[in-house]
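Here's a quick briefing to read alongside the model. Have the viewer open and follow along.

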Amino acid sequence: MSDDFDLLETNSQEKQEKVDVNWGKAIDQMKSKLAQEDDPEMRQKILNATLDDVVHMAEKDRTTLLDAIKDLTDYQDEVGIIFEGFSALNAEEQKVIDDAIKRLERAKVELEDAESKPDTWWNNLWGRKSKIKNAQQELKDAQKNRASADNKAKAMFQQRIETADIQTLLNELSFKSQAAVKRLKDRELEIKEVEDRLQDAIVEASKNHTKALEKKAEVEDKLEAEYALLKQARQALEDVADKQSTEYSDALAKVTKLEQTVEELEGLKNAYTTLAASKDSFVHKHNLTIKVLTSLRSNLQTHRAKLKSDTDERLKYYDGYVVALKARTDQEFAAILEHLGVKTDEHIGETLAAMHTASAKARQEMMDNIPVHEKVMQGVYSTYAEALQEIRNKDVEIQKNFSERYGIDMKEIFEEYYKADGTAPSGDDGEPSGEGKPEDSGDDDLLG
């Protein structure tokens with residue numbers, strides 16, 4: 001369990017690639033932008049917040065994240081971080097890079113295969129040289145394509161995050177944090193390797209410093225002896241009376257030789273002194289460098305441990321934030337549905353109420369129209385009775401006329417028509433007489 005939780009563990013047997021970092025203005029730019037996020041009205045916004053306010057706050061979060069990720073992407077270029085290893089590429093963006101890598105590898109293999117064929121007249125006859133030339137051209141094209149693939153994928157990535165939602169941006173930030181954890185660990189390993197080399201250098205420099213001091217002591221002993229001999233030789237030279245004699249020449253040659261030896265030993269003494277001082281200086285320089293590197297490595301460990309731990313926690317924290325945003329959206333959606341439902345209920349209620357009142361009014365109008373209808377019908381019946389009375393009076397005249405002119409008694413015909421008792425119809429009360437209703441059948445018979 002302890003091994004799993006050892007956030008500061010840095011041992012690794014893998015060979016790490018060194019990346020030349022150009023510490024430019026990128027860090028200051030990012031710090032400046034992050035510093036602009038201080039908002040003194042934050043408390044008031046929280047106190048007075050509504051669901052609509054959350055939309056604007058979330059959009060501001062998205063904009064801030066988008067700007068930060070753009071700055072981080074630019075920063076990657078400035079410090080030489082490989083883009084595809086530090087950004088969460090989707091399948092389409094990753095495919096651009098993967099295809100370029102595969103094409104380059106395939107071009108290398110094809111060129112090796114073409115060049116591996118023996119340079120014989122038979123192989124040349126079958127196009128060996130042209131195949132090599134084509135393979136070389138394909139390799140150049142593949143290398144160019146590989147070089148441009150990163151930029152193409154980066155442009156696609158930038159275009160995608162321009163319209164990305166906040167969850168995608170948070171995922172990108174988490175991915176960059178995880179990539180940074182690995183990068184910090186790699187840097188720690190690199191520093192540790194340099195520290196180990198410097199420790200070896202200190203040991204070696206200390207050994208050389210000791211050797212230089214020992215050699216210096218040896219030279220000083222020889223130099224002391226040579227100085228004594230030189231002093232004796234100079235005294236012997238002075239004691240020679242004849243300056244033109246062979247004895248004087250031999251004594252002078254001896255003095256010259258001793259002076260040359262002394263000069264060489266003085267040179268060696270100075271060389272060993274300088275070397276000892278230089279080695280001693282580098283022992284201190286290396287020691288200082290180790291202290292600085294150890295301090296930097298310790299700080300990197302602290303940052304990496306915190307970043308690794310915080311990133312793990314942030315993944316959960318961000319999940320909560322995203323779910324909260326979705327819940328806010330669902331809540332707004334539910335509120336819209338509730339509002340729509342209430343309005344629909346109101347409209348249906350209004351329609352039903354109108355339907356009921358309209359029905360009641362129709363019933364009232366129907367009841368109100370009954371007397372009017374009766375009055376109209378009374379007029380109809382009165383007119384009908386009046387018209388019928390006129391017809392009957394006319395019939396009496398016709399009967400009389402027929403009887404007088406043709407001697408025909410029309411009484412039976414008209415009695416059958418009216419189905420009367422032989423008395424003339426009377427219209428004194430304006431209504432048909434008691435048994436006048438069946439007249440319709442007589443009318444039908446006459447018309448039929």
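Helices here are DSSP runs (H or I, at least four residues) and strands are E runs of at least two, numbered from the N terminus. This is a predicted model, where local features need pLDDT of at least 70, side-chain atom pairs count only at pLDDT 80 or more, and totals for chains, interfaces and linings use all residues. Residues are numbered from 1 along each chain as its sequence is written, and side-chain values use heavy atoms, with hydrogens and water left out.

**Overall picture**
- The chain has 11 helices and 0 strands.
- Of its 448 residues, 24% are buried (under 20% relative accessible area; exposed is over 50%, partly exposed in between; 1.4 Å probe, protein chains only).
- Among contacts (heavy atoms within 4.5 Å) with a separation of 6 or more, 83% link residues 24 or more positions apart.

**Glutamate 115**
- You'll find glutamate 115 in helix α5, residues 91-116.
- Glutamate 115 counts as partly exposed because its relative accessibility is 40%.

**Glutamate 226**
- Helix α8 (residues 166-239) holds glutamate 226.
- Glutamate 226 is buried but has no salt bridge (a side-chain nitrogen of Lys or Arg within 4 Å of a carboxyl oxygen of Asp or Glu).
- The nearest side chain of opposite charge to glutamate 226 is lysine 222, 8.6 Å away (Lys and Arg count as positive, Asp and Glu as negative; His and the chain ends are not counted).
- Leaving out residues up to four places away in sequence, glutamate 226 touches Leu258, Thr261, Val262 and Leu265.

**Tyrosine 248**
- Tyrosine 248 sits in helix α9, residues 246-406.
- Beyond neighbours within four places in sequence, tyrosine 248 contacts Leu237, Val240, Asp242 and Lys243.
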